[in-house]
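Please walk through the model shown below, from its overall make-up to selected side-chain pairs.

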Amino acid sequence: MEFSEEQLRKWLSKYKFRDLTIEELKSVHELYPNTTFAMNTYSNSYNIPIFLWILDSHPFTPPICFLKPTANMGISVGKHVDARGRIYLPYLQKWSHPQSMIIGLLKEMSAKFEEELPLFSLSSSDAARQSELLSYIAKITEGEDNIQSKGEGKKNDGGFNKVTVIGAGDLGLACALAISAKGVADRVVVLDCSESTMKGVAMDLEIFALPNVEISRDFSASAGSKLVVLTVNSLGNAQSYLDVVQSNVELFRGIIPSVAHYSQQSVLLVASQPVEIMTYVSWKMSGFPKSRVIGIGCNLDSVRFQYIIANLLKAQIRGKDNWIVGEQGENKVAAWSASNSVTSHQDEDIANQNAQNLLANRAMEVLKGRGQKSWSVGLSIADLADSILNDKRKVHSISTMVKGCYNINSEVFLSVPCALGISGVTEVIKLLDKGTVAQELQSTAASIHDLQQQLKL
């Protein structure tokens, strides 16, 4: 066929290096005379099947996104897709209403998948291996709840104790290690969507392999958990205390609905700060009954307080009836439950009100020197996990809904002694009727309620 250089010049008029291109094409034609040339527009178009799981908290919570491959398609695992077909995108991680919308999500998905195709064509032999994965994805499509996490061959029935720790920071890792060491869980899942954090944790846990600890970036890995521990905190650049709390609310908006969906019968244990408010936020966002949403509250301080009185101050106490209650931090107060009886060499003196207050004040002074390091909080959380998973009905000072108690009429969570079992709080233990303790709790509740009213939930 005739080579038309003039035609090529017209077609390639916008090419930066037109002459070089024409020279090369001329060489091609000389070697292969039957070659024909034509001008067209290149379009990269792929049909990638996906589904979006739009939660009942939409538009404040991002959709959960999955690929939906056919039997002859394989999933290409990459930075935006995991082996299960779960899709991870910056747009999802930064989801914020009203700026974030499904249209914007689909546009980013198209752009990212054009750069890195998430699916590939399988050979006939490989296609046969897809059945298990497709069955798993079908369960999600149909809305089934009891989805197994990767590598878990055992169904999460009544005898399988699974704990998910949300957050792969120092506190999250301390919790996972303490719970694993205590031997109260058959499996511990450490879940965090922050890729940079997960790399470090995953590497360390791979080096020092723990057989019952699993690392994941996929919320479906938490499915069937009996206990979910929340340790995450926002690391934003908020200016005021209200802004800091609001940034944590936004963080929880992308976590709680997913956790609640995958583990609908779980107990939520909140360790994120501020504990009382974030426990309230978790309760509101999860739709769980108040008995199954609790905060770590003053559990660690109470255990230390009891130890100081019994071992350092040498007061002999029948039962562990002395507690730290109220708000975690500076506003905590010492209290005694109704069954308390104190005896020592000065029985008559310590039994009266003044001696009891003196003992509490001395213990509080010692307690002030004790910090709350990640490992100590982790040990405290492992103790709570033991009481919950083994249905011990052991009493702890934890954050629970106190509306209706101590003349508190607002929906706030404060630490009071509670018996804990597999369904969360089974009983709230009554404190001795001291006017000062009730007044402290009422004042703290009013302060927390005022802040909650300013949050955008």
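Of the 457 residues in the protein, 48% are buried, where buried means under 20% relative accessible area, exposed over 50% and partly exposed in between (1.4 Å probe, protein chains only). The model is predicted: local features need pLDDT of at least 70 and side-chain atom pairs count only at pLDDT 80 or more, while totals for chains, interfaces and linings use all residues. Residues are numbered from 1 along each chain as its sequence is written, and side-chain values use heavy atoms, with hydrogens and water left out.

The secondary structure consists of 16 helices and 17 strands; these are DSSP runs numbered from the N terminus, helices being H or I with at least four residues and strands E with at least two. Among contacts with a separation of 6 or more, 68% are between residues 24 or more positions apart, a contact being heavy atoms within 4.5 Å.

Helix 11 covers residues 275-286. Its twelve residues span 16 Å from the first C-alpha to the last, close to the 16 Å expected at 1.5 Å a residue, the expected span being 1.5 Å times one less than the number of residues. Eleven of the twelve residues are buried, so helix 11 is largely enclosed by the rest of the structure. The buried residues include Tyr280 and Trp283. After the helix comes Gly287, with a positive phi near 75°.

Tyr280 and Trp283 also belong to a cluster with Phe413, linked by ring pairs. Rings of Phe, Tyr and Trp (its six-membered ring) pair if their centres lie within 6.5 Å; planes under 30 degrees apart count as stacked, over 60 as edge-to-face and the rest as tilted. The structure holds six aromatic pairs. One of them joins Phe3 and Phe37 edge-to-face, at 6.0 Å centre to centre and 85° between the planes. Phe3 lies in the segment before helix 1 (5-11) and Phe37 in the loop between helix 2 (18-31) and strand 1 (50-53), 34 residues apart.

There are twelve salt bridges, each a side-chain nitrogen of Lys or Arg within 4 Å of a carboxyl oxygen of Asp or Glu. One of them joins Arg86 and Asp218 (2.7 Å, N to O). This pair links distant parts of the chain, 132 residues apart: Arg86 is in the loop between strand 3 (73-75) and helix 3 (90-93), and Asp218 in the loop between strand 7 (213-216) and strand 8 (227-230). Arg86 is buried at 7% relative accessible area, and Asp218 is buried at 4%.
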